[in-house]
Amino acid sequence: MLNLDGLWEFAWTESLSETPRYDSFAAVPGCFDAAGLRFNRRGVGWYRRKIAVPAGKQRLVIGSFGLHAAVFLDGKKLAESFLAWSPLEADFTAAPGEHELVIRTDNFIAGHPLFMDRYDFYGFGGIFDHVTLCPVPAREIRRLEVLPLDHTTGEVLLRIDTDAPVLEIAFDNGPVRRFENVRELRLQVPDFKVWSPEDPVLHTVRVNERSETFGLRTLDWSGPRLKLNGKEIKLLGVNRHESHPEFGAATPEVLLASDLLQIKQAGLNFVRGSHYPQRKFFFDMCDRLGLLVWEEPLSWGNRSEELAVPRFLDTLAEQLELTIHTSFNHPSLIIHGFLNECASDSDEGVRAVGRMMEICHKLDPTRPATFAGNRPLRDRCFDLVDIVSMNVYPGWYGEEPLDAVPAKLAEFARLCPEKPRVVSEIGAGAIWGCHSEEPFVPWSEEFQAKYTASVLRSVMDDPGWSGVMLWQFCNANTYTGTVFKTGRPRGFNNKGLLDEYRRPKAAWLALKNVIEEWKNSSSSK
Ligand code: ADA
């Protein structure tokens, strides 16, 4: 595989129809509108370079991009996608030798099928992840999915999409076994070890030229509590955006790794990738750290009118399918999500959630699926989902005082008692460095710290909750123009437990202390 990251020629135009003049340079991966010359601007970033193409079929892959991308070889369009934050693949054959490669990305919101201008996170432009080129074998293994069936016996189901008549299969460094004309196989992983957050052991399986890493672990959501490897688990985690003031959504891997390490080291076991697909590096890191993940396609607060638009729904369904297939073998991925805070109290909501649930169940029977809803008392979709997920902000939005948080959470925990329930979002804003004395005022670090501790204690002490995902890990770029009750000072959603430069606020320390106390008290019981 050839990695094409590095220095590319760059052009900027205000519209898709203008001819680019490559009078500049840009780093790949990189956002073009996060900082510097084109900060906050909407337009088209053209990336150009020469590549040496070998003989035979090739596949160019862009790991992640925003918001719309197209790939051109010698001026001919090979592929185009609106599935922002997902990988984009372009297959081609060309005469061996040097060719001109252009990746055109734009961050226009108008006309985008999935991204709307009122979303509470910034729609960055650029190439967010690696660009690679690799040869495609004639009878390639197009897809190799490992479904862990039983963590006590090590049994897995392999689903293989290929035209190859003969399959040579090996686990880890074990012996190669030969199979003919099979597409699904139940096999026993030799010398298997179970994957868990405490002991995240990975296995590999190779089928012909393709190798996949996976973990042996099972999930059970048939009763009121979520179980991992047969044991009840409480998910304690954060929501996280791919966001940084300088790098935008193209967060460097060193930063991504440090974010995930901080989450793990704080004693948390969960991260929700809000509100779009996550990069491979993110998952590789979570697999190895033993962090559990919720992933979802791009969507946010969609109203019933939007849920009735075929282009919106079809594109969402397409991205959900791609996301499930792309992340399938990562053991850290335990929940498929979609349609954050959609109009789940409407007919359109019921139809849209029903359609997405069908996709999840069809493609992946091994994981539960859900959407994060924000209208728990009038939701009409709870019957459809595997886990009931609630985004609730008592004591922040609305009239309740901070002290009302435990009672409100206890009330929500009683909804849908037959299914596992999680608080998929909850949080309060704070400006880093803004302090107050008791009684704590909103926006101070102390108010947020008290809020966070109260939320965590309420969820940990209540067997009705299978988990909580605090909103949010760190401050994230959004729009200053967004009108919300309590505003978005400085163009950031300031509910981060850390600020946008990952400087901890008092709430981060409070969180670590509460978790420590909880772990000590549970181990002494
Ligand atoms: C919602 C939404 C988040 C964020 C949050 C907030 O729950 O899902 O993306 O906007 O509200 O900060 O108000």
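A salt bridge is a side-chain nitrogen of Lys or Arg within 4 Å of a carboxyl oxygen of Asp or Glu. The model is predicted, and local features need pLDDT of at least 70, side-chain atom pairs count only at pLDDT 80 or more, and totals for chains, interfaces and linings use all residues. Residues are numbered from 1 along each chain as its sequence is written, and side-chain values use heavy atoms, with hydrogens and water left out.

Arg380 and Asp347 form such a salt bridge through their side chains, at 2.8 Å from N to O. Arg380 lies in the loop between strand S29 (372–373) and strand S30 (388–391), and Asp347 in helix H5 (residues 347–363), so the pair ties together parts that are 33 residues apart in sequence. Helices (H or I, at least four residues) and strands (E, at least two) are DSSP runs, numbered from the N terminus. Arg380 is partly exposed at 40% relative accessibility, and Asp347 is partly exposed at 42%. Here buried means under 20% relative accessible area, exposed over 50%, and partly exposed in between (1.4 Å probe, protein chains only).

In the whole structure, a search finds 39 salt bridges. Side chains of opposite charge can pair when their charged atoms come close. One of these bridges joins the side chains of Glu14 and Arg41, with 2.6 Å from N to O. The pair links distant parts of the chain, 27 residues apart: Glu14 is in the loop between strand S2 (6–13) and strand S3 (24–28), and Arg41 is in the loop between strand S4 (30–31) and strand S5 (44–53). Glu14 is partly exposed at 45% relative accessibility, and Arg41 is partly exposed at 34%.

Another salt bridge brings together the side chains of Asp91 and Arg59, at 2.7 Å from N to O. Because Asp91 lies in strand S10 (residues 88–92) and Arg59 in strand S6 (residues 58–62), the pair ties together parts that are 32 residues apart in sequence. Asp91 is partly exposed, with a relative accessible area of 33%, whereas Arg59 is buried at 14%. Salt bridges also link Asp129, Arg240, Glu242, Asp259, Arg279 and Arg502 in a network.

Which residues come nearest to the ligand? Of the 13 residues around the ligand, these are Asp120, Glu341, Tyr397, Glu425 and Lys495. A residue counts as near if one of its heavy atoms lies within 4 Å of the molecule. A polar side-chain atom of Glu425 lies 2.3 Å from an oxygen atom of the ligand. For Asn493, an N or O atom of the side chain is 2.8 Å from a ligand oxygen atom, and for Arg488 the corresponding value is 3.2 Å. The protein covers 96% of the 320 Å² of accessible area that the ligand has on its own; these areas come from the Shrake-Rupley method with a 1.4 Å probe.

Most residues other than glycine have a negative phi, and most peptide bonds are trans. The peptide bond from Val28 to Pro29 is cis, with omega near 0°, and Pro29 lies in the loop between S3 and S4. The peptide bond from Trp471 to Gln472 is also cis, with omega near 5°. Asn229, although not a glycine, has a positive phi of about 50°; Asn229 is buried at 14% relative accessibility.

How values were computed. A polar contact is a pair of N or O atoms within 3.5 Å; within protein, one must be able to donate a hydrogen and the other to accept it, and residues adjacent in sequence count only if both atoms are side-chain atoms.
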